[in-house]
Structures are given as structure tokens and as C-alpha cells.
Amino acid sequence: MTWSFETREQNLKKLKTEDFDLAIIGGGITGAGVARDAASRGMKVALVEAKDFASGTSSRSSKLIHGGVRYLENLEFGLVFEALSERTLLFKLAPHLVHPLRFVIPIYKKSRVGYWKMLLGMWLYDLLALFRAPKMHESLGSKETCRRVASLNNDQLVGAMEYSDAYTDDDRLVIETLRDANRKSTVIANYTKVLSANYEQNKIHSVVVKDELTGEEFNLKASQFVSGVGPWTDMFGQKIAKQWKTKLRPTKGVHLVFSKKTIPIQKAIVMAVEKRIIFVIPRHEMVIVGTTDTDFKQDPIDVNTDKEDVQYLLEALNNYFPDLSIKKSDILSSYSGVRPLVNDGSDSEGKTSREHLTWSEGENLSFVAGGKYTTYRRISEQTVDFILKKMPKTLRQKFSDSQTKAPLNPKVDKKSYEQALKQIPVWEKEFVKDHFVVDYLAKRHGMEAPRVLSLVKKWSDQHSLQESMWMAEAEFAIENTMCLSLVDFYWRRSPLFLATENHGLEFLDGLLKVFTEKLGWSPEKQEQEKASVLAQIDKDLSWKK
Ligand code: FAD
């Protein structure tokens, strides 16, 4: 079942005319998870997203699927246990998006948490994972630590702990979750913003939705409504609920991105800075360093990286890797996001719990906020259970239990993924004789890779192989992920902005050609799109000036 720009047109018609069991507001990981869960139970579901899917916090995380070693210190054992169980499951649900990674925590003479306490924490972490981590933890002496992480500062180094967690492509995980919700008949549209609600006494009859691409407004009708608008929860709640009390304590987190040449490490490093930890995470194309954690009170749309954030992260990095002498000019790119933390009255940002909260405002309006990416499937399940209790018994009885433990994409389940890896030599003969391209696409798309590779072959008649690869990715994204603009593509369908030296601008004309062919862009629209890419780069990297 396709999920393209054409599907959006058809879906808008349905959103305007049909009645839904559940309407979800917000297309980050929370909204996407709730949609997939509700649809898996047989509900008739709609989802509207104000901008592009995952354009809020869900493309701006540390991109880790982890239990959170740090939360052990806050004694949040329940959260860690749940997150580690979900980690185990996610390896199966999305083998192309969730990858095991080893983490090293260096311990120095002056470290706040000493060797033995850390070792205890490691045992607890493996225990809470029911010893199902990809590999058990190891405790290392200082010599072995330096052998494993060659460039690490060894002054007063006592040793290190090494343990397993995982990294993901956060934006693509949202999109795969939504694609599966679409397969299960959810009606989904991006660039559709909920403005207000029409009430009949204490009950919402419909919400007013604005199509952000045409300006048209329409009513969306459903029995139940749920908000998954993340850090926008308080702003949105004031607009839609009859009475509102502030619920969140949003905090900002910044990441810097480097090339693997600048920071040549194979394992993630956990750096302790005052009471925080900062990760240095090597992943497919890049190394990301973050994050900060500071209160943020503005509209989340305005979040950006400041010079002070850059300074803070660079300082930590140079303390741990003094020989690398990392400079501001080594930074490829940066990104910042806002955590939708629920205000629990903690005295600091770092201590504020990462648990989620589900609650209702009025008869048929629910909210879900907070929580971690890692636990999104469980959060979604609990949220739909919560909503079900608000439905009349006659309606509730029609629905089955949640069925979200199956792989997100049948063409990239574990078996298909392994099959795709075996096909690499065959595809090299059939499509393009370039191991890097075929290997890269097989790992990104599993058994969907042949479609992308056939597009690479098509474009490579007139374009370089590298450009053809990104043009093929763009065509696939337009056809299968409701990708509507160059910014959607550069920021949330590919790593071009984040991980490449020139942010992929050398492919701009080729990519424009693909979008123009598929979406029929006028010359003016093409100019606007180019300008939007440049303006977004300018905004995200304004700290460089
Ligand atoms: P969002 O992704 O922000 O989605 C909300 C959506 O609602 C947005 O797309 C927005 O456009 C839309 N919206 C807003 N208003 C409207 C409206 N009126 N109508 C329609 N749509 C609307 N978790 C982990 O598990 N691992 C990590 O490594 C990790 N690292 C993190 C690092 C940082 C710096 C941050 C900030 C968070 C991190 N998290 C991590 C937490 C995780 O990223 C978030 O909990 C999660 O992404 C929140 O998703 P969400 O869908 O609730 O919010």
C-alpha cells in the first residue's frame, strides 16, 4: 500500500468527510506509535501533523535505543527495565534501523562515580536487561582502555566499563512506524495543523484543521481525540482544552556532528561533565556529540544551537580527547531539540524524570507527553488502553488487543534483512557495479533495496553514481514516505545535511530535477525550494557567524 504525495491528496478527502474512532494530533514518534497501535486493534484512525513527520523532537534526539545507564543513579529502575525490554524487541522490529553499539565509560581518579560503584551499576544494567544485551559488560584496566580507545586522555585514568546499547535513525523510525500504520489503514497527512476544537458541551465534536500547503480549513470528526504534540503540549492544550494547567518542563538539548576522520573511534564514549553525561557516538556516516540539558521556555519551533552550547560540548570533547585538538571549524553540522519532560517538581533539569504521562481533559480528549523514544511502543500501547477505557463498552468490544510486536516493515524483518545482505553480490551484477552503493542501500532498505537500486540505474545514465544514489533515494522517499520538499529530504529522509561536508549541496540540482518531475514544480517553486534549503542551513548553523 503506497504512502506518497498522491496518498496525501486522497487522505485529505477522507479527513474532511469521514468519521474516525480516533484522531491523533502530532506525527512524531508518540503520535506514530499510537496510530500503529490503535490501527493494529482494528480502530479507524486519522493522524494529522502540522509540519513534516518527525520534524519536532523526534529527529533531534541522541538517536540511541537505550535503557539509560544514567537513570540508575536516579533509582528509576522501572524505566530502565522497560527501556531495556523494548531495546531487545526493537532489534527484531526494525533490524535496518536499530543497531547494537558498544559504549565505554572511562573512569578517572577524580570521577564522581568510582570504579566499584560503576561496576555495580553495570551488573544491574545487564540484570535489568535479563542478560539479553547483545554482549555482556566488561570491566577494563587503564592499559586495556587505552588500547581500545587509542585517542582517549589517559592522565589519571583508572580504567573503564564497556557495555552494550544501540543506535537508530530516529526520523526513519517514525516514518517506518507511520508506513505500517498506513498499511493498517490509518489516514495520515503531513502539513495539516490543528487550530482549535468545536465543542458540544464537554465533548469535542470535531477539530479545525488547516492544510498548511493550501491554507484551506476543514473539520475532522472522531469519537476520541489524542494529542501527541510533544514539547508543544502546553501551547496546544491552552488552545484546545476548556481549562489548562501547565504540565511540562521542556529542556533543550544540542548535538554537534563530526566526520569519522576527525573523531576516529569505533565505540561510543560516555563523558562525565559535572553532573551530566555527554555521549560521543560513532554511527554509520558520522560521529555525534551531545547533549546539553537546559530549561527552554520559548516556542519549540525556535530552538537553535547557541555559541555557548558549542563551546560547552567542544570543551568536554577536548578534555577527553586532548590529542585530537578538535576545533569549531571541524564541526560538520549541529542540531537541537526540546525534550517534552513532564514537570515533576525536581530541582534540576537533569533530575526531571523521563517517564511519560497520559491524562484526559474532558470527555473525549486525551494527552500523552514525556517518555523516551526507546519506549515508544509501550507508551503507545498504554495510551490506547487509556483511551479505550473512555469509549462506550459497545464500541470498545469491537477492538482486539494491541498487536505491535510484529516487524514494522515485512520487507525488512530479520529474515528479509539477512536475505538482502546475501543478495549484495547479485545486485552488484544486476543493477550497479559498485560495492559501496549496493551495500549502503541494502543495509538501509533490506528487501526494498531492488526498487531503489533500479532507480539508481535509471539516473546513472546521465548523473554521477553518487548523485544518482541520492536522486534514487529522493524518488523512493517521494513515492513511499510522503516526502514533499527538499528540506524534508535533506533533513529527515537522508543524512545529507547532517553528515556531509557541503551538506549535500552538490546534489541540489539533481534532487531538484527528481522533485520537479514527480511533483510538477514550477520554476518559481523550484527557486523557493532551493532558497528554503539554504535558509535552513543558515538557521541551524547560525552559531558559526
Ligand atoms: P515530537 O517529536 O516533538 O512530535 C510532536 C509533533 O506534533 C511535532 O512533529 C509537531 O510538529 C506536531 N504538532 C505540534 N502542534 C501541532 C498541531 N497544532 N497540529 C498538528 N501537529 C502538531 N529518547 C531516547 O529514547 N533516546 C535518546 O537518545 C534520546 N535522546 C534525546 C536527546 C534530546 C536532545 C532530546 C530533546 C530528546 C531525546 N530523547 C531520547 C527523547 C525523545 O526524542 C522524545 O521523547 C521523543 O522524540 C518525543 O516525541 P514526540 O512525538 O512526543 O514529540
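How many nonpolar, polar and charged residues does the shell around the ligand have? By class, there are 12 nonpolar, 19 polar and 6 charged residues. Here Ala, Val, Leu, Ile, Met, Phe, Trp, Tyr, Cys and Pro count as nonpolar, Asp, Glu, Lys and Arg as charged, and the others, Gly among them, as polar.

## Before you dig in

This is a predicted model, in which local features need pLDDT of at least 70 and side-chain atom pairs count only at pLDDT 80 or more, while totals for chains, interfaces and linings use all residues. Residues are numbered from 1 along each chain as its sequence is written, and side-chain values use heavy atoms, with hydrogens and water left out.

## Around the ligand

Of the 37 residues around the ligand, Thr30, Glu49, Ser58, Leu64 and Thr374 come nearest; a residue is near if one of its heavy atoms lies within 4 Å of the molecule. Helix 2, strand 8 (192–200), strand 11 (251–258) and strand 16 (333–339) each supply at least two residues of this shell. Helices (H or I, at least four residues) and strands (E, at least two) are DSSP runs, numbered from the N terminus.

Now for some polar contacts, meaning pairs of N or O atoms within 3.5 Å. Threonine 30 has a polar side-chain atom 2.7 Å from an oxygen atom of the ligand. Alanine 50 places a polar backbone atom 3.1 Å from a ligand nitrogen atom, and a backbone N or O atom of serine 62 sits 2.9 Å from a nitrogen atom of the ligand. Taken alone, the ligand exposes 1000 Å², and the protein buries 96% of that; these areas come from the Shrake-Rupley method with a 1.4 Å probe.

Strand 1 (residues 19–25) is mostly covered, with 6 of its 7 residues buried. Buried means under 20% relative accessible area, exposed over 50%, and partly exposed in between (1.4 Å probe, protein chains only).

Strand 1 pairs with strand 10 (residues 217–227) in the parallel sense over 6 bridges; two strands pair if DSSP finds at least two bridges between them. In strand 10, phenylalanine 225 is the bridge partner of alanine 23. Strand 1 also runs parallel to strand 2 (residues 45–48), joined by 4 bridges, and isoleucine 25 has valine 48 as its bridge partner there. From strand 1 the chain goes through helix 2 (residues 29–40) to strand 2, a right-handed β-α-β crossover: with the strands pointing away from you, the path from the first strand over the helix to the second runs clockwise.

## A look at leucine 421

Leucine 421 lies in helix 12 (residues 414–430). Leucine 421 counts as partly exposed because its relative accessibility is 30%.

Terms used
Polar contact = N/O pair within 3.5 Å; in protein donor to acceptor, adjacent residues only side chain to side chain.
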